[in-house]
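Hi there,

Here is the structure I promised to hand over. Please have a look at it first, and then read on for what I found in it.

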Amino acid sequence: EDREAVLDDEGGASPPNPSDDALSALHAFLFGGPGARTADHWRAVGGVIASRGGVIAPEDLAPHLPAPPMKLRGSEAAAAVAVVHFRGRPRRCEEGGGVVFEFPELVGGAPADGDDALCEAPVPFAGLSFERTLCCAGLVGGNVLALWVLRGAVDGALARAAAFFYYYSLAILAIPLVRFGVHVLANRRREERNATRRALADELRRLRDEDSSGVAARVRFAER
């Protein structure tokens with residue numbers, strides 16, 4: 001049954017206010033919309049562990065971590081963060097040496113979806129459409145331009161007031177400009193972490209094909 005129809009019948013639904021929508025868009029342009037949350041990534045990591053039956057080798061876990069190690073040999077130290085987060089425990093691997101990690105609270109998950117690395121999606125600048133972003137940029141920039149023209153067209157007290165609001169509008173304009181630079185840098189770091197995760201997954205895939213490697217033995221031991 002249509003949710004809007006149900007709300008209308010109950011009398012609790014009201015059409016969105018266009019002014020509220022415009023203010024929300026301007027707020028998102030200036031200060032940003034909902035960003036990526038570390039909790040969401042950890043939830044996805046928990047899903048990966050559960051899909052492995054709650055037991056996973058550090059090297060198998062490394063490509064999915066929020067802060068992946070630069071090399072696969074650093075997986076055990078990097079994965080210790082997940083052990084603390086999910087209240088897991090190490091278990092000595094009887095084949096290949098080293099340890100695997102057990103997570104008693106993460107057992108019985110859905111089968112793995114086949115992804116070798118848990119990559120982060122880029123975060124949008126404001127979460128708005130191109131047209132709305134352009135409108136917000138025009139509004140903020142036009143405000144600066146209008147006050148600049150007004151400042152030169154009046155004198156006396158009006159000129160001082162116009163100058164105050166002109167510099168105030170410049171400060172407002174600086175907010176999205178600075179935030180855009182931070183946003184680009186943050187997304188670049190996300191892509192660097194994704195590249196590291198993909199490289200770890202490729203290295204793990206290669207080592208799994210080598211039956212003589214300790215990594216392959218640990219992964220097989222965890223999969224039992």
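Going from the N terminus, the elements run α-α-α-β-α-α-β-β-α-α-α, which gives eight helices and three strands. Do keep in mind that this is a predicted model. The mean pLDDT is 83, with 84% of the residues at 70 or more. The part to treat with care is residues 1-19, where pLDDT stays under 50. For that stretch the model has four contacts beyond four places in sequence.

Of the 224 residues, 34% are buried. The accessible surface is about 13,900 Å², and carbon and sulfur atoms account for 59% of that. If you take the contacts between residues at least 6 apart in sequence, 67% of them join residues at least 24 apart.

Now to the interior. In soluble globular proteins, nonpolar side chains tend to be buried together. Here the largest nonpolar core has 17 residues, and V45, I49, L61, F86 and F103 have the most contacts inside it. Two or more residues of this core come from each of α3 (38-51), α5 (75-85) and β3 (99-102). Another core, of 13 residues, lies apart from it and includes V55, V100, L200 and V219.

What does V45 touch, once neighbours within four places in sequence are left aside? Its contacts are then L61, H64, P66, F86 and L118. The geometry of α3 also checks out: at 1.5 Å a residue its 14 residues should span 20 Å, and the end C-alpha atoms are 20 Å apart, so the two agree. Just after the helix, G53 has a positive phi of about 85 degrees.

Last, the sheet. The three strands form an open sheet in the order β1-β3-β2, with antiparallel pairing. β1 (55-56) and β2 (89-92) are the edge strands; each has a single partner strand, so one side of each has no neighbour in the sheet. β2 and β3 run antiparallel and are joined by four bridges.

Best wishes

Conventions
Residues numbered from 1 in each chain as written. Predicted model: local features only at pLDDT ≥ 70, side-chain atom pairs only at ≥ 80, totals over all residues. Heavy atoms only, no water. Core = buried A, V, L, I, M, F, W, Y, C linked by side-chain atoms within 4.5 Å. Buried < 20%, exposed > 50% of the residue type's maximum accessible area, 1.4 Å probe, protein only. Contact = heavy atoms within 4.5 Å. Areas by Shrake-Rupley, 256 points an atom, 1.4 Å probe, with all protein chains shown as cover. Pairing = 2+ DSSP bridges. pLDDT = per-residue confidence, 0-100. Expected span 1.5 Å × (residues − 1).
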